[in-house]
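Biologist: I want to learn how to read a helix and its surroundings. Where do we begin?
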Amino acid sequence: MIIRATRNISALLCALAATYVLGHRATITLAQQLDSQVLGDGIELFQVRPNFYVLTGAGAHVSVQVGRDGAVVVDAGDAAHADRLVTELKKLTATRPIRYVINTSVDPDHIGGNEQVSKAGRSLLNAGAGLGSGMTNDGAAAILAAEGVLLRMSAPTGATAAYATSAWPTETFAQPRKYMYLNDEGIEVLHQPAARTDGDSIVFFRRSDVVVTGDIIDFRRFPVIDIARGGSINGEIAALNRIVDLAIPSVPIISREAGTVVVPGHGRLLDQTDVAEYRDVVTIVRDRVESLRMQGKSLADVKAANPTEGFRARYGSDTGAWTTDMFVEAVFRSLAAGAPQRR
Ligand SMILES: [Zn+2]
């Protein structure tokens with residue numbers, strides 16, 4: 001009994017210590033632990049794992065898994081950097097062809113390089129085996145995305161500019177999870193049906209232990225909820241919770257700064273605790289807006305009440321393409337519309 005009691009006390013002390021350390025995290029970040037290399041033209045290369053890289057500065061972050069089957073690239077950057085990106089990808093992948101480009105969303109900074117990156121690669125499927133040019137993408141790497149990405153890229157009108165057919169996804173999916181097994185690891189593409197838009201996906205590399213979130217996390221600012229394209233605040237929070245669930249922090253050895261690497265669409269590389277904090281911020285703002293709305297406050301009243309107080313300096317902006325007011329308005333309108341996936 002004494003031994004058991006001692007064990008229980010020591011377990012309790014460990015838990016308390018863990019709570020204390022987590023609450024007072026060292027200021028050094030996971031990203032600072034990773035090797036990075038400045039490549040010029042604002043592009044930087046982070047080696048996240050022995051066979052996993054992140055290129056920043058070419059639009060949205062571009063993630064690259066390389067192995068014996070070739071390379072899997074998540075997001076293709078923006079059109080302006082496409083040629084430069086291809087040059088850097090070729091250096092990284094050497095003789096191994098790019099096999100897949102996976103788009104996490106339909107935004108121009110994620111799909112702008114689709115055509116060039118895909119054409120720099122080679123299809124895994126052999127055209128000589130009697131497969132049609134559609135299936136083999138005429139020999140180029142496949143482009144994979146949730147169905148909503150293709151629908152919006154191919155739509156004749158709409159918020160997104162028209163794209164050449166060679167930039168469109170060649171493989172789409174509508175189910176919650178699309179998976180493949182390449183370079184000796186399972187890769188899950190997890191569709192989030194109503195997060196920022198209706199076409200967002202999270203890509204989880206199970207063995208590398210890397211989660212690529214696209215702009216479900218834009219760590220520079222509040223998430224860009226695009227209601228017109230099927231986004232919702234509750235779907236966004238559900239997606240953030242999913243990412244928190246997929247990632248594992250460095251416990252019980254907290255001092256190690258290890259754990260699952262989370263690659264956001266923009267901003268520094270993250271760990272699970274960072275994601276949980278971002279999720280908490282977004283959830284608190286949602287709850288404040290909802291509380292005011294339930295009191296019968298108008299949108300103008302809600303904006304005036306400053307529901308992002310405490311987080312505005314870190315994630316907000318009074319200018320630019322996504323202001324704090326726009327975020328608050330999106331949250332308000334999303335809740336007023338009746339939102340799916342509350343969690
Ligand atoms: Zn982006």
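Modeller: With contact: two residues are in contact if their C-beta atoms, placed from the backbone, lie within 7 Å. Keep in mind that this is a predicted model.

Biologist: What covers the buried residues of α9?
Modeller: The cover includes β12 (210–218), α8 (233–246), β13 (261–266), α10 (299–304) and α12 (324–336).

Biologist: Which residues of α9 are buried?
Modeller: A residue is buried if 20 or more other C-beta atoms lie within 10 Å of its own. In α9 these are Gln-272, Asp-274, Val-275, Tyr-278, Val-282, Val-285, Arg-286, Val-289, Glu-290 and Leu-292.

Biologist: How far apart are the end C-alpha atoms of α9?
Modeller: Start from 1.5 Å a residue: the 23 residues of α9 (residues 272–294) should span 33 Å. The end C-alpha atoms are 32 Å apart, which agrees. After α9 comes Gly-296, with a positive phi near 85°.

Biologist: How do α8 and α9 cross?
Modeller: Their axes come within 9 Å and cross at roughly 160°. Angles over 145 degrees count as roughly antiparallel, so α8 and α9 are roughly antiparallel to each other. The crossing is left-handed. Residues in the contact include Ile-237, Leu-240 and Val-244 of α8, and Val-275, Tyr-278 and Val-282 of α9. The contact residues divide into nine nonpolar, three polar and three charged.

Biologist: Is Gly-40 buried or exposed?
Modeller: The cut-off for exposed is 12 or fewer neighbours. Gly-40 has 9 C-beta neighbours inside 10 Å, so Gly-40 counts as exposed. Gly-40 sits in strand β1 (residues 35–40). Arg-84 is 44 residues from Gly-40 in sequence, and 9.9 Å away in space, C-alpha to C-alpha.

Note on methods. Residues are numbered from 1 along each chain as its sequence is written. This is a predicted model: local features need pLDDT of at least 70, side-chain atom pairs count only at pLDDT 80 or more; totals for chains, interfaces and linings use all residues. Helices (H or I, at least four residues) and strands (E, at least two) are DSSP runs, numbered from the N terminus. The expected span of a helix is 1.5 Å times one less than its number of residues. Axes are lines fitted to C-alpha atoms, for helices over the stretch in contact, and angles run from 0 to 180 degrees between N-to-C directions. Angles under 35 degrees count as roughly parallel, over 145 as roughly antiparallel, 65 to 115 as roughly perpendicular and the rest as oblique. A crossing is left-handed if the near helix is turned anticlockwise from the far one by less than a right angle, and right-handed if clockwise. Ala, Val, Leu, Ile, Met, Phe, Trp, Tyr, Cys and Pro count as nonpolar, Asp, Glu, Lys and Arg as charged, and the others, Gly among them, as polar.
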